[in-house]
Amino acid sequence: MKSSLVSRSAFLDFLPRSCQAIATAAKGLVIVGMVATVAVATPAEANPKYSGIVIDAKTGKVLYSEDADALRYPASLTKMMTLYLTFEALEAGKIRLNTRVPFSKNASSEPPTKLGVGAGNSITVEQAMLGLITRSANDASTALAEFLGGSEERFARIMTQKARALGMTRTVYRNANGLPNTAQVTTARDQARLGIALRQHFPQYYDYFSVRSFRFGKQTINGHNRLLGSVRGVDGIKTGYTRASGYNLVTSAVADGRSVVGVVIGGRSGAARDQQMRKLIATYMPKASRRGGGDLIAETKDAPTLTAEAVTKKTATASLAGGLDLPENGPIPTYRYNEARIETAYAATADERSEVVGKRALAATLKIQRDSAVPPEELTEQGDTGGDVDKLTTSSTVAAVASESVPSGWVIQIGATPDRGQAQDLLSKAKDQGGKALSSAQPFTVAVNSGSQQLYRARFGGFDGQDRAAAACKVLKRKGFACWASQQ
């Protein structure tokens, strides 16, 4: 869909600088001629970096789309995923809002914008979150990444995995803050999915995105999102800018029973980007539905999954979408993650958690191999269970069933390992700690091939609906297990 929503002044901001000079110097009929051209031009035609999308968050319908699957640099939109994983850790009880986040020399040395916390000092998780949302603090992003993932590189692999789990098939992360990296790319569609997911999955934390300023020490830090308080219904989410990406913005708006999420990537200036988003909201909010199942992730047909080779060969300014036949809407997943997109869940082992959070994790949790050479966009279940899992003893009450005996209906998965005995041990441990939530569940393993490696998925079946499966996962997550639900 094309749109001619840009005013003359905003359009000039999207024009190359040389064209702006010509437009400014022109007089009389020349100006009239240019104005006539402006009236029919679109942002993408004026600026090859531009991408945009607006999604009805209640139905998943795409209301507006322009180069929505073309690769772009996310800049500080990256911090949305850093915050998603922070919210997830809070929800799981691994950290609290008042947990201290230490700043390494690496984190403290990140370039502005930043909070300016010195190496060896610390701030709370809540302060770090507010720093990301308002000032877009690069140092706080790196500190959170090192704190939650052990290293920023490892955290970036987790970010990419989570992107795949959310259906963000063309996003690759290499750092937690969005500082320039030619291999770190995304699309407008992927960022819209992430924006909706943040609101849908973490309503208890989403209000932080509406914070416009906060006190940090003796200073008041003001936010960069100029639409908050100036556009009716806007409640967040995030701005971003680097020279290579241009000016980016993801915006959520709720008004009159309608809800939309819009994305603008590649604006020539902050003012032009904001003006374009204002026009998108004004135009498409009235077209959004008042009906629907609530805030939903737009599950349109995926663009082809981005590979490491594609990132190497192409730059983010070149569209790899081609002539994709992408439908305007599609089915919406009723559970948080689509297991078919990703099989690996992250949870640190006891040794790693002692370094990161300072408390011992349960022995049954699985982790991703720290030094895996596999590109993050291709990561699958690594099968490294950590040292403590080897100490578990197999319970005679847990018997694995053959793959052909997989129970129907809803199942939950708590991990995967190259050793079937370890998978059974993991099931036994979960069964012992799951209590009533697993009292009637059937433990079983499923053998799968992952490249040249044989893996065994540890699962429980016998749940008579999504609610019971999700409730079981909630109990297990509180106990420190990785868990997700799916329907067979």
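**Sheet, helices and salt bridges**

Helix 10 (residues 188–201) lies across strand 1, strand 2, strand 7, strand 8 (246–255) and strand 9, at about 140° to strand 9. Helix 12 (residues 270–284) also packs on the sheet, touching strands 1, 2, 7, 8 and 9, and its direction makes about 30° with that of strand 8. This is a predicted model, where local features need pLDDT of at least 70 and side-chain atom pairs count only at pLDDT 80 or more, while totals for chains, interfaces and linings use all residues. Residues are numbered from 1 along each chain as its sequence is written, and side-chain values use heavy atoms, leaving out hydrogens and water.

Terms
- Contact means heavy atoms within 4.5 Å.
- Helices (H or I, at least four residues) and strands (E, at least two) are DSSP runs numbered from the N terminus.
- Axes are lines fitted to C-alpha atoms, for helices over the stretch in contact, with angles from 0 to 180 degrees between N-to-C directions.

- 5 strands make an open, antiparallel sheet in the order 2-1-9-8-7; strands pair if DSSP finds at least two bridges between them.
- Strand 2 (62–66) and strand 7 (234–242) sit at the edges with a single partner strand each, so one side of each has no neighbour in the sheet.

Salt bridges
- There are 5 salt bridges in the structure (side-chain nitrogen of Lys or Arg within 4 Å of a carboxyl oxygen of Asp or Glu).
- Glu-88 pairs with Lys-162, closest N and O atoms 3.1 Å apart, and both are buried (under 20% relative accessible area; exposed is over 50%, partly exposed in between; 1.4 Å probe, protein chains only).
- Asp-464 and Arg-468 form another salt bridge at 3.0 Å between the closest N and O atoms, and both are exposed.
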